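I opened this model to see how its chain packs. My notes follow the order in which I looked things up.

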Amino acid sequence: MAQTDTSSRGNWNSKVGFILAAAGSAVGLGNIWRFPTEVASNGGGAFLLIYLICCFAIGFPVMVAELSIGRNTDRNPVGAFKALSSNKFYPLIGFWGVLCGVMILSFYTVVAGWTFSYVFEEIFFFMGLDSWANYFAEVSNGVKNGIFSTIFMGATVSIILGGVSDGIERATKFMMPVLIGILMIMIGYVSFQPGAATGFAQYLKPDFSQISAPLIFSAMGQAFFSLSLGMGALITYGSYLSKKENIPEAAAYVTLADVGIAFLAGLLIMPAMYMADSFGVSIFSESGELLASTDLIFQVLPALFHSLSTTAGAIFGVSFFLLLSMAALTSTISLLEVPTSYVIDEYNIKRKKAATMIGGGILIISLIISFDVSLIGTIDFIFSTVGLPLGGFLICYFLGYVWTVENALEELEHGYPALDSSIFKAIWPIFIKFLAPLAILYNLLEAIGLISYIEQLF
């Protein structure tokens, strides 16, 4: 296969640009759509606590590993493993990451399209155009799903065509501050509404009796999904990173940004759920169980917005779904960049052709899913719930025992001259060689039911 000149691949213009782009990759529907519903369904504050531990004890070490592999090789996930080992098996780790990214993007585009369609649904509702509002609210409408999936993929491809600095970096530098600003304004509004205090208490006060193996598994899966780990996105982003940058420091900032925005999303959604009850919108059963899990964002919250005054409801509804759409877009561009980078590097195809070809191919899958949204659950389980932790486990193994932590630490010294005297050098190898892979492996076995099977035998 032809290889490209790595100098022509592009680089980040600034450290802030990289951090915002990488944080944008991590921050998405996983934080604002999936995280609050996972919290509400899994013990409130208990889930939040375990999620934080998973992000910093497992997610952060794996993120450093991916970034170091990418920067050392200046390659996409497949090319990176080829460059670091002559064994033909290891590039399959990178290929698995690329495949996971492609399949996740195929359904993520559909869900992202839903979020954007709800911007129009809210506008039409408050304009009194009920027939249009009902049309947009019907997520089972395959034609509508297909139209908005196409729009979202078009927006994603257009940003990728701009390249690393002029496309991805420029877009995320604009979108991330706006996203945080909208989120903060909405939190301020919700905080003073009836029922909000109960939501804050449920969110921030952990009930340790709720902690269980399924809860820990869910929290780790959420950490991998929200941090974009195991799919090669951070290997790709790391390949555009200057040798002058401090990778552990950058990874810490990205992890903090991801966790911070997920936390803020919880501060918005959890009080809003209890707000809904005060406005006559039922979201809990008599026993206190959440009635709507993944449907919460698309069915319960619009009902809440519609129960408010016309002005407040319109502002709240439109702003929320714009926020969600913007968060989704920061993630879809990283998901598309992974296979695009692979095609550019390995087949020496120009960016414009690669992005258009890959985006079009993924859109075909998205259109199929648009007419049968039940496929989302299956694809999500295979390529997200199982696929991402599997990728993370294989990356830990490769770095720890094939490329070796010594070589990785040598790479990390670039931009981190104080590495030798830091506690990071002493602790990170332990996490990447032992703690993180063992925790990931246990949860993978739990996901496929093997742990439960073994427990039944004994």
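**Entry 1, whole chain.** I noted first that the model is predicted. I then checked the secondary structure: the protein chain has 18 helices and zero strands. I looked up burial next, and 58% of the 458 residues count as buried. For contacts, I took pairs with a separation of 6 or more; residues 24 or more positions apart account for 83% of these. The exposed surface comes to about 17600 Å². Carbon and sulfur atoms supply 65% of that area.

I asked which residues have the most contacts inside the largest nonpolar core. They are Ile 69, Phe 320 and Trp 428, in a core of 147 residues. Helix H14, residues 310-347, gives the most to this core, with 17 residues.

I tested the length of H15, residues 351-370. Its 20 residues at 1.5 Å a residue should span 28 Å, and the end C-alpha atoms are 27 Å apart, so the two agree. Then I listed what is buried in H15: Arg 351, Ala 354, Ala 355, Ile 358, Gly 359, Ile 362, Leu 363, Ser 366, Ile 369 and Ser 370. I asked why these count as lying on the same side of H15. They cover an arc of only 150 degrees around the axis, which puts them there. On the other side of H15, I found Lys 353, Ile 364 and Ile 368 exposed. I also looked for what covers the buried residues of H15. The cover includes helices H5 (91-126), H7 (142-161), H8 (163-191), H14 and H16 (375-412).

Is Met 153 buried or exposed? Its relative accessible area is 3%, and buried means under 20%, so Met 153 is buried. Leaving aside neighbours within four places in sequence, I found Met 153 in contact with Leu 105, Thr 109, Leu 336, Gly 359, Ile 362 and Leu 363. Gly 359, Ile 362 and Leu 363 are among the buried residues of H15. I computed one distance here: the C-alpha atoms of Met 153 and Ile 362 are separated by 8.7 Å. Along the chain these two are 209 residues apart.

Ser 331 is buried, with a relative accessible area of 5%. What does Ser 331 contact, leaving aside its neighbours within four places in sequence? I found Gly 24, Ser 25, Val 27, Gly 28 and Tyr 108.

How values were computed:
Residues numbered from 1 in each chain as written. Predicted model: local features only at pLDDT ≥ 70, side-chain atom pairs only at ≥ 80, totals over all residues. Heavy atoms only, no water. Helix = DSSP H or I, 4+ residues; strand = E, 2+ residues; numbered from the N terminus. Buried < 20%, exposed > 50% of the residue type's maximum accessible area, 1.4 Å probe, protein only. Contact = heavy atoms within 4.5 Å. Areas by Shrake-Rupley, 256 points an atom, 1.4 Å probe, with all protein chains shown as cover. Core = buried A, V, L, I, M, F, W, Y, C linked by side-chain atoms within 4.5 Å. Expected span 1.5 Å × (residues − 1). Arc of directions from axis to C-beta.
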